[in-house]
Amino acid sequence: MTIDGVDKLLLRARQKIRDEKIILGRTSSQALKLRLSIVHKIIYLTFNEGYKSSGGKEILREDFARKRCY
């Protein structure tokens with residue numbers, strides 16, 4: 001998935017939250033612990049894709065390495 005693809009996915013998620021008036025509440029500490037390993041895996045895979053690309057001619061994916069979420 002490209003950076004543009006991730007941006008579009010996040011945009012659609014935010015729009016769905018607004019449209020359906022989804023209320024985000026506090027998450028229990030137990031639920032957070034369960035999610036932590038998934039977050040670690042995503043960070044690890046994103047770093048690896050930026051450092052050593054799995055496809056294309058470029059080894060370093062500067063678009064991944066420099067992209068910041070705001």
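## Surface and burial

Accessible areas here come from the Shrake-Rupley method with a 1.4 Å probe. On that basis, the protein chain of this predicted model has an accessible surface of about 6,900 Å². Carbon and sulfur atoms account for 61% of that surface.

The protein chain has 70 residues, and 9% of them count as buried.

## Secondary structure

The protein chain contains 3 helices and 0 strands. Read from the N terminus, the order of elements is α-α-α. Helix H1 covers 3-19 and helix H2 covers 29-51, with a loop between them.

## Lys-21 in the loop

Which residue lies in the loop between helix H1 and helix H2? Lys-21 has its place there. The phi of Lys-21 is near 50°, a positive value in a residue other than glycine. Most residues other than glycine have a negative phi.

Is Lys-21 buried or exposed? Its relative accessible area is 67%, and the cut-off for exposed is over 50%, so Lys-21 is exposed.

## A nonpolar surface patch

Ile-17, Ile-22 and Leu-24 make up a nonpolar patch on the surface. Together, these residues have about 270 Å² of accessible area.

One of the patch members, Ile-17, belongs to helix H1. The relative accessible area of Ile-17 is 32%. Patches take residues with over 30% relative accessible area, so Ile-17 passes that cut-off with its 32%. Ile-17 is classed as partly exposed, whereas Lys-21 in the loop is classed as exposed.

How values were computed: Residues are numbered from 1 along each chain as its sequence is written. This is a predicted model: local features need pLDDT of at least 70, side-chain atom pairs count only at pLDDT 80 or more; totals for chains, interfaces and linings use all residues. Side-chain values use heavy atoms; hydrogens and water are left out. Helices (H or I, at least four residues) and strands (E, at least two) are DSSP runs, numbered from the N terminus. Buried means under 20% relative accessible area, exposed over 50%, partly exposed in between (1.4 Å probe, protein chains only). Patches are made of residues with over 30% relative accessible area and no salt bridge: like charges are joined within 9 Å, nonpolar side chains (Val, Leu, Ile, Met, Phe, Trp, Tyr) within 5 Å. A salt bridge is a side-chain nitrogen of Lys or Arg within 4 Å of a carboxyl oxygen of Asp or Glu.
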